[in-house]
Amino acid sequence: MTTETESMKPSILDKWKKRPLIISGPCSAETEEQVLKISKDLAETGKVDIMRAGIWKPRTKPGMFEGVGVKALPWLIKARQITGLPVAVEVATARHVENCLQFGVDVVWIGARTTVNPFSVQEVCDALKGTDIPVLIKNPINPDLELWCGGIERLKKAGIKHIGMIHRGFSSYGHTEFRNAPMWQLPIEMKRRYPDMLILCDPSHICGNRTGLHSVAQKSIDLGFGGLMIESHPDPDNAWSDARQQITADTLVSLLSSLVWRDETSHEKEFLNALATLREQINQLDDELMLLVSQRMRIADKIGIYKKENKITILQTQRWNEILGKAIARGEKLGLSKDFITKYFDAIHMESINHQNKIMNE
Ligand code: PEP
Ligand code: MN
């Protein structure tokens with residue numbers, strides 16, 4: 001095993017640098033036949049760089065399929081020998097890491113349910129110390145960026161050099177169009193904090209179905225993500241886990257071919273000049289917006305003084321409903337969504353309330 005592991009290393013690090021990086025494979029390894037079949041199908045597409053497969057499945061409730069465990073590792077290595085596709089496996093404990101390293105798995109990833117738990121992340125990191133295996137870390141299931149950053153920092157401290165993030169969406173209460181809401185502002189902030197780090201999008205776990213995959217994948221590309229992790233299966237409807245969201249290798253090919261890939265920047269002079277001019281206009285408008293908002297706050301301050309003198313409450317629900325209703329109607333005419341206008345005015349209103357609160361309690 002050791003010799004094979006070492007001989008695989010240069011190739012996985014080369015793959016790791018490829019953009020877009022495409023990882024695909026089953027939610028769970030189920031049988032040797034299934035693993036070999038999907039691996040061959042994916043290799044034949046010529047579009048997949050790494051094959052993924054879960055073998056220890058963190059399930060929400062007991063009694064569900066929890067993965068076949070370590071016995072799937074020889075299947076994955078056999079698949080790699082046949083197809084040349086490097087393999088990636090989810091790890092959640094030190095034992096998982098040890099098993100993967102022993103078999104020469106190429107890439108490991110930390111799942112969303114593990115990222116939430118600093119004890120588990122630390123255990124995984126300790127087991128990874130001294131290796132140079134690339135590690136991907138999914139966002140925690142709850143929208144807490146600091147936990148995601150904490151996981152990355154722990155990996156860095158353990159000496160892991162090749163770290164990538166996977167955005168798989170965030171769970172929320174109730175039924176939404178997504179299985180896990182993308183909350184794009186969070187991965188955007190992670191890109192800002194770690195500008196040189198690979199970030200992949202996992203549209204499969206965001207959507208929880210096949211129909212949404214294209215639009216989520218395209219959106220991630222438009223935001224400059226470095227690649228995709230998409231679940232695939234030879235017979236998706238009969239998959240032992242996440243059956244509704246997996247696709248065949250053929251569907252994966254159609255999906256990937258229908259996406260418009262974009263570069264993060266261009267060196268073309270004309271484009272750069274046009275962009276600089278437009279950005280200057282944006283800067284000017286942002287500046288004017290800030291001035292206007294601060295003028296608005298000064299008026300709110302004056303109202304605050306009157307309210308204080310007349311012992312009137314800060315919150316005037318009827319007035320607020322009036323402002324919001326008008327703004328939404330006007331916003332619609334100006335091409336601004338109701339959702340945006342509501343968030344924007346909520347933020348302004350909250351700031352006014354804070355200003356007036358300060359005045360009242362001075
Ligand atoms: C998976 O990738 O199959 C998985 C369990 O995903 P997540 O950690 O995003 O829920
Ligand atoms: Mn899955």
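**Close-up views of the predicted model**

**View 1. Polar contacts of ligand 1.** In this predicted model, an N or O atom in the Arg168 side chain sits 2.7 Å from an oxygen atom of ligand 1. His205 places a polar side-chain atom 3.3 Å from a ligand 1 oxygen. For Glu231, the distance from a polar side-chain atom to an oxygen atom of ligand 1 is 3.2 Å. On its own, ligand 1 has 290 Å² of accessible area, and the protein covers 97% of this area.

**View 2. The shell around ligand 1.** Arg168, His205 and Glu231 are among the residues around the ligand. Others in the shell include Cys27, Arg52, Lys57, Glu90 and Trp109. Gly111, Ala112, Arg113 and Lys138 also belong to the set around ligand 1. By class, the shell holds 7 charged, 3 nonpolar and 2 polar residues.

**View 3. The largest nonpolar core.** This core comprises 68 residues. Met51, Leu73, Leu76, Leu128 and Leu155 have the most contacts inside it. A further core, of 13 residues, lies apart from the largest one. Its members include Ile12, Trp16, Ile23 and Ala88.

**View 4. Contacts of Leu73.** Neighbours within four places in sequence are left aside here.

**View 5. Two domains in the chain.** Domain 1 spans 4-258, and domain 2 spans 269-360. Their C-alpha centres are 41 Å apart.

Technical notes: Residues are numbered from 1 along each chain as its sequence is written. Chains are lettered from A and ligands numbered from 1 in the order in which they are written. This is a predicted model: local features need pLDDT of at least 70, side-chain atom pairs count only at pLDDT 80 or more; totals for chains, interfaces and linings use all residues. Side-chain values use heavy atoms; hydrogens and water are left out. A nonpolar core is a set of buried Ala, Val, Leu, Ile, Met, Phe, Trp, Tyr and Cys residues joined through side-chain atoms within 4.5 Å. Buried means under 20% relative accessible area, exposed over 50%, partly exposed in between (1.4 Å probe, protein chains only). Contact means heavy atoms within 4.5 Å. A residue is near a molecule or strand if one of its heavy atoms lies within 4 Å of it. A polar contact is a pair of N or O atoms within 3.5 Å; within protein, one must be able to donate a hydrogen and the other to accept it, and residues adjacent in sequence count only if both atoms are side-chain atoms. Accessible areas come from the Shrake-Rupley method with a 1.4 Å probe; for residues, only the protein chains shown count as cover. Ala, Val, Leu, Ile, Met, Phe, Trp, Tyr, Cys and Pro count as nonpolar, Asp, Glu, Lys and Arg as charged, and the others, Gly among them, as polar. Domain bounds come from an automatic or database domain assignment.
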